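Colleague: I am new to this one. Please put the model up, and let me ask about it piece by piece.

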Amino acid sequence: MLSISTLFAPTPAVERLEPHDAPASLQEMLRARQPRLIVTPAILAIIVTIFVVMVAVSGEVAFSSSTLVRWGAQFGPAVADGQWWRLLSAMWLHAHPLHLALNAIFLWRFGDYVERLLGPVVFLIVYVLAGVVASAVSLQFHGLSVGASGAIFGLVGVLLTVAMTSRGSGGLGEMVAELRPNLISIVVANLFLGFLMQGVDNAAHVGGLAGGLVLGWLVGRHSLDTTPSPRRTVIPIVLTAAIAAAAILFVGARQDVRGEVTRVGMQIDRAEAAYRIARRDIEARRRTPADVAAEAERTVLPLIHDAQGRADELLRAAAASATRSQASAWEGYLARYDYAWRLRVTGLRDGDAGRVAEGDTRASDAIRDISRMLARTSSVNTR
């Protein structure tokens, strides 16, 4: 997530970068190339609309991890299971209103420049490609991430490449070249703040910036002379697809305790919600305890057994001592949760309320410890 301190910093360098404070001749020349912005306001409208719909559907304003995953967040285990499209969808989601507002402001600022340089079609392709590269890099470091600033850093990278290669190319080139120190200061400041602030996905920022620098060289380097043709994006599209495929294969090959805890933790939440409904059905005489016990044996116990099997594989595959410690703790929590459900099932079948209560207590204790582990491993990272 791009920082508010950089946006509103009083330094002259940052102020000169903002389009409305840029020299009038630069603004006029850019607007002569592309009189109207088309894609930038469209992207803004899309991300705001998605956020509003998510608020209306979920009833949340600052979204939970589970809500973001349902709506398409970058989520390592899901990507490894074949949901590659999350590398695309994550850049259209935001975790809370401030996250959305900051990214929207910066998108408007930098989109104003880059869309007029590249034209709407190439601009859209470059924006999406930079966002995918940002997601591919982020995927190697974070289990759960959302936001547009990886793609926005890509726009900064494109503009920085154009600024670094435009010296001596005439009036417009000289004006764009003057942006170099301002762009570099913004990049350095935001990356530095990203390293200091918890929950900021700096991996996506670095990935988006690197992708933007390369895209700027391949596509935007000669944009001062003429608006680039969409044909120039063929090689970048192929390269981005290769990077995304490699990232998916790599994350799929890793035995990831963090992702497994997140995935199974969400399944446990659904199992507990179903159990609470079943207990109310028993009290209302809509179902019998034996029916609930049989359903748990068909659904919940196999789920736990599958998770235990994967936990054992994680423990055997873990090489680092820290990963082994996490995998061992996870295996222990699952064993406790499995025992709690066996008590519940036996108590429901035998009509033993005391055993059911003991199972409920043990399940609550196991879930509490799993939740603590989940909180450490599945926090939302914003970009």
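Colleague: Is E297 buried or exposed, or does it fall in between?

Modeller: Buried means under 20% relative accessible area, exposed means over 50%, and partly exposed is in between (1.4 Å probe, protein chains only). E297 has 36% relative accessibility, so its class is partly exposed. This is a predicted model: local features need pLDDT of at least 70, side-chain atom pairs count only at pLDDT 80 or more, and totals for chains, interfaces and linings use all residues. Residues are numbered from 1 along each chain as its sequence is written, and side-chain values use heavy atoms, with hydrogens and water left out.

Colleague: Which residue meets E297 in a salt bridge?

Modeller: A salt bridge is a side-chain nitrogen of Lys or Arg within 4 Å of a carboxyl oxygen of Asp or Glu. Here the N to O distance is 2.5 Å. The partner of E297 is R349.

Colleague: How many residues apart in sequence are the parts that this pair ties together?

Modeller: Helices (H or I, at least four residues) and strands (E, at least two) are DSSP runs, numbered from the N terminus. R349 sits in helix α17 (residues 321-350), and E297 in helix α16 (residues 289-317). The parts are 52 residues apart.

Colleague: Where do R362 and E358 lie?

Modeller: Their side chains form a salt bridge, 3.1 Å from N to O. R362 is partly exposed at 37% relative accessible area, and E358 is partly exposed at 33%. They are four residues apart, about one turn, and both lie in helix α18.

Colleague: Is R86 buried or exposed?

Modeller: R86 belongs to helix α7 (residues 86-89). Leaving aside neighbours within four places in sequence, its contacts (heavy atoms within 4.5 Å) include V69, F75 and V79. Its relative accessible area is 6%, so R86 is buried.

Colleague: Which element has the lowest mean pLDDT?

Modeller: pLDDT is the predictor's confidence in each residue, from 0 to 100. The chain mean is 86, and 87% of residues reach 70 or more. Helix α4 (residues 39-58) has the highest element mean, 97. The lowest, 34, belongs to helix α2 (residues 12-17).
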